[in-house]
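Dear colleague,

I am passing on the structure below, together with some notes on what turned up in it. Please read the notes with the model open beside them.

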Amino acid sequence: MAAVAQPHLPTQTHAEVTRDVVGTLGAPSKGYLLLLAGAITFFLIGVTTFVIELRVGLGIAGYNPPVMWLVYITNFVFWVGIGHAGTLISAILYLFRSPWRTVVYRATEAMTVFAVMTAGLFPIVHIGRQWFFYWLLPYPNQRFLWPNFKSPLIWDVFAIGTYLTVSTTFLVVGLVPDIAAVRDKVGGWRSKVYSMFAIGWKGTDNQWRHYSRAYLYLAALATPLVLSVHSVVSWDFAMSIVPGWHGTIFAPYFVAGAIYSGIGMVFTLLIPLRKALKLEHMITEYHFEQLAKLTLLTGSILFYAYAMEYFVAWYSGNTFEQTTFFRRAFGPQWWAGWSMIICNAFVSQLLWFRKIRRNVTALFIISIFINIGMWFERYVIIASSLSNDFLPYAWGQANPTWADWGILIGSFGWFGMWFLMFARTFPIVAIQEVKELIPYPRRKGGH
Amino acid sequence: MAKTVPGVLATFRHVDAAVDAIRSLRRQGSKDLTVYTAAPNHEIELALGHKVSPVRLFTLLGGITGCTAGLAMTFWMSLDWPLLVGGKPIATVPPYVVIMFELTVLCGSLMTVTGIVVLSALLRKKGAAYDPRYTDDRIGIFVPCRPEEFGTVESMLMKAGAEEVRHDAD
């Protein structure tokens with residue numbers, strides 16, 4: 001029988017998969033240490049800025065009434081969005097039985113956890129008295145006050161908290177059998193350290209029986225969760241009556257944008273990583289092409305959403321909506337508005353071409369545009385709508401300051417630091433899931 | 001070191017050989033087999049004839065608990081300090097659905113993980129022999145049996161196609 005082309009199937013044997021993935025965990029190279037040092041420096045820039053903000057107050061950020069949400073909230077939405085691609089790949093595509101997800105899922109799930117960890121810092125950076133951040137949580141206090149559960153900001157606390165917990169759980173559960181494989185391969189003191197994290201995993205039939213079922217349920221719970229989290233984030237805006245925010249399109253528009261930005265970040269991280277860790281034969285052009293198709297889909301949904309926003313603003317006959325959207329394109333921050341449209345709606349359309357989808361360098365360059373474009377999308381939504389709402393008397397313009405940029409740089413450092421440390425400590429390709437795709441050999445050969 | 005159980009440990013390279021061995025062992029009435037694989041394998045699952053894992057009960061229980069807690073918490077806290085805003089009802093379901101949903105997912109997931117820990121770590125069969133190659137590319141079968149049975153079990157496993165067999169008498 002002629003062999004059917006199955007590009008998702010790794011051509012390696014089980015032993016080769018273990019060898020190659022465990023091989024990535026060796027002693028770090030100079031380049032790696034340099035990157036890590038860079039990430040930590042960026043992080044320290046952020047820490048320094050934050051310490052100054054603690055001493056001086058929020059005045060050092062670019063807030064200017066009525067614009068009281070600016071770069072910090074932009075960063076928050078940006079980082080939460082990054083996380084969504086990871087859960088899409090690890091949970092939703094698992095339920096859809098997409099076999100190509102296996103080699104990339106671990107890296108993307110780790111990206112999710114670290115991105116949400118980064119996002120979670122921003123509400124705290126943004127509030128005026130950081131030491132009272134726990135007021136957001138419902139806890140018995142001396143004034144007998146409870147949070148307002150009708151406020152989307154409180155929904156957000158629950159959504160982000162749940163998302164961080166569930167995606168961390170998903171990552172850790174997936175890691176346990178792989179850590180056991182590393183434990184059995186490395187030997188020496190490292191083996192002892194890994195065996196602590198493997199919590200007695202041996203791959204018995206009984207363990208797999210419970211594990212496989214549990215994994216299915218975790219995926220089934222994470223699937224609606226990922227769609228809900230960015231919907232809830234979008235309602236932080238859409239539940240208000242501010243022009244440019246008050247739209248029913250916001251939830252699906254934000255979810256598509258989140259996945260789009262997340263896959264952009266996957267490209268930015270994985271393309272250099274697979275080269276540095278010599279995993280080119282495992283994470284191939286085929287996998288990047290599949291990711292690029294998802295990017296094209298979500299990018300096109302964004303294109304539609306942008307067009308629809310402008311159309312609805314015009315068709316509504318509402319002068320406030322019309323003015324807001326006119327000023328997004330031709331107001332004082334027109335450059336932000338056009339960056340968002342060009343980087344997201346137009347650059348994604350390049351992916352209609354198969355040659356570009358399979359060209360790793362092109363994808364890397366496009367991914368940088370996606371990251372920039374999606375950051376600007378959130379900036380435009382927040383800054384433009386707040387700066388001119390109803391009465392021109394109350395309008396005001398806000399511009400980011402050095403403190404805003406310092407915190408943004410710090411967030412990239414914080415995220416990069418965690419991701420780099422993870423990639424050298426734990427298997428960045430899911431050993432066990434790749435092995436599930438590769439059949440064990442048979443005595444008679446064939447299947 | 002944990003107390004070991006006497007028995008025979010066989011190592012297989014081929015999945016069909018391992019499946020044959022499991023089938024013939026089960027025909028002979030062997031119970032409490034432990035099969036080691038590097039990834040879940042359907043053929044071996046079928047040969048072992050396991051029932052569906054009870055982990056789903058944990059998930060269900062967690063989900064129901066979370067949903068109820070979300071409903072109870074939001075209603076009780078709203079009514080505990082009734083504050084009328086914009087003529088809207090004090091306690092009402094639609095905005096609280098979000099909290100209920102998030103807590104359903106949160107408790108459901110955490111209970112699912114508790115399920116794995118309880119079922120596969122705390123209730124595991126202790127003392128079965130193991131070999132580090134089983135997380136790599138080999139399949140292992142551990143048959144607990146009395147020392148006088150070692151000979152028959154070993155020859156049966158070799159006949160089924162085991163690569164090697166060994167026994168640990170206590």
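The buried residues of α10(A) are covered by elements that include α9 (285-315), α11 (334-346) and α13 (360-387) of chain A; helices here are DSSP runs of H or I with at least four residues, strands runs of E with at least two, numbered from the N terminus. This is a predicted model, in which local features need pLDDT of at least 70 and side-chain atom pairs count only at pLDDT 80 or more, while totals for chains, interfaces and linings use all residues. Residues are numbered from 1 along each chain as its sequence is written, and chains are lettered from A and ligands numbered from 1 in the order in which they are written.

The residues of α10(A) that are buried (20 or more other C-beta atoms, placed from the backbone, within 10 Å of their own) are A:Glu321, A:Thr324, A:Phe325 and A:Arg328. They lie on the same side of α10(A) because they cover an arc of only 90° around the axis, taken from the directions from the helix axis to the C-beta atoms. On the other side, A:Thr319 and A:Phe330 are exposed, that is, with 12 or fewer such atoms.

Turning to the two chains, 53 residues of chain B are in contact (C-beta atoms, placed from the backbone, within 7 Å) with 50 residues of chain A. On the side of chain B that touches chain A, α4(B) supplies the largest share, 17 residues.

Finally, an automatic or database domain assignment divides chain B into domain 1 (7-32 + 125-168) and domain 2 (55-121), whose C-alpha centres lie 46 Å apart.

Best wishes
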